[in-house]
Amino acid sequence: MSTKTAEAVCVGHPDKLCDLIADTILDDILYEDPAAHVAVEVMASGHRIIVTGEITTVKRPRIRQSVRYALVKAGYVPWKFLVFVWTRRQSPDINAGVSKSLEARFGDDTEFALQGAGDQGTVYGYATNETRERLPLPLVLSHEICARLDKARKDGTITGIKSDGKAQVSVRYDDAGQPVAIETVVVSIQHEVAKDLDELLAEVKTLIVAPACKPYLPISADTDILVNPSGSFTIGGPKADTGLTGRKLMVDTYGGLAPHGGGAFSGKDASKVDRSGAYMARLIAKTIVDARLARECQVAISYAIGKADPVAFTVDTLGTGEYSDEILTKAASEVFALRPGAIIDALGLRAPGYMRYSTYGHFGHARLYWENSFAHVDALEKAVTKYAYENNAD
């Protein structure tokens, strides 16, 4: 038996607000210029929003307009904030590596050889069969609770709550690694001074936690549900804590229950492999699990800045694979695009729309190209069969 825990945050959490602002800026730029290179960072502190970073585009960015739109979406009043903007164009040295890869400089004219990686580093993808989203159950439940809190605030199901909040869920697993019980749920939600805390506790338990958990594992008499365990939570958002982009990496990915390379997603266009490579790694891991080639899968892709081909690629099924990890690695590298330009093309990453995933995680949502594993299952199974046959022949 073991216990796993993950957290998620609401749309008005100061860090997540910054992610939302950064991706709103990115979306507005990509809408006008799909080839733009964007890497913006946001800080929110008190009544100030600071936007900085590198933007190379043929259109003039409407940054302050984007910030105001995101503030409204997160439940804040835009005129209460001062917005400071310091941006510049992308470094010509970085742009040179992205625009013409190391391979292209040495004469490689094969497909997608021209674009190099926008940064170095390792990105990870992960999938598990314990939920239909192919994500760890504690993370799925935490996201669901936060999404329901945000909806309850907007539609008035629960009155007197505000947009800053977070949830944390601890799940007990059996010896086979399957979830069997929800042990603890912690919810912290900002509220008005006049809100009765006993009423809030009852509303969160019955209207948020219970329906969020029921489709997966119903809460029981043994489930410990803590709502605002610190007491009153009347001061929240940037007024209470400084927010920064990229500080909720685990919330965005796998809840700390799988490795993370350290690169954030929000505010970055897809030339940054922090984002595009991580999306492809997720697709590969999810396809392996959905093809029932493993119950759990972890994919790692390493890049060098300015180089098109990854410097390393591995599949690790954590002892749950139907075939060896070596065979699955060979098969996956044959089926899936790994060059940045090819990933961007295959996953449609030049289009705007990233703002929708800046809250409640970038994975597990239906109808996304990087979640559409079933489009690749047949090809992967054929490749695995081929490499397994070659391995046996040897």
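**Close-up views of a predicted model**

**View A. Ala 147 within helix α5.** In this predicted model, Ala 147 belongs to helix α5, which covers residues 137–155. The residue is partly exposed, its relative accessible area being 24%, a value that falls between the limits of under 20% for buried and over 50% for exposed. Trp 86 is 61 residues from Ala 147 along the chain, and the C-alpha atoms of these two residues are 32 Å apart.

**View B. The span annotated by UniProt at residues 115–233.** An unreviewed UniProt entry lists these residues under "domain: S-adenosylmethionine synthetase central".

**View C. Helix α11 and its buried face.** Helix α11 is formed by the 17 residues 377–393 and extends 24 Å between its first and last C-alpha atoms, close to the 24 Å expected at 1.5 Å a residue. Its buried residues are Val 377, Leu 380, Ala 383, Val 384, Tyr 387 and Ala 388. Viewed down the helix axis, the buried residues of α11 fall within an arc of 135°, and they therefore line one face of the helix. In an α-helix, with 3.6 residues a turn, residues three or four places apart point the same way.

View D. On the face of α11 turned away from its buried side are the exposed residues Asp 378, Lys 382, Tyr 389 and Ala 393.

Terms used:
Residues are numbered from 1 along each chain as its sequence is written. This is a predicted model: local features need pLDDT of at least 70, side-chain atom pairs count only at pLDDT 80 or more; totals for chains, interfaces and linings use all residues. Side-chain values use heavy atoms; hydrogens and water are left out. Helices (H or I, at least four residues) and strands (E, at least two) are DSSP runs, numbered from the N terminus. Buried means under 20% relative accessible area, exposed over 50%, partly exposed in between (1.4 Å probe, protein chains only). The expected span of a helix is 1.5 Å times one less than its number of residues. The arc is that of the directions from the helix axis to the C-beta atoms. UniProt positions are given in the numbering used here, feature names are shortened, and annotations may be inferred rather than shown by experiment.
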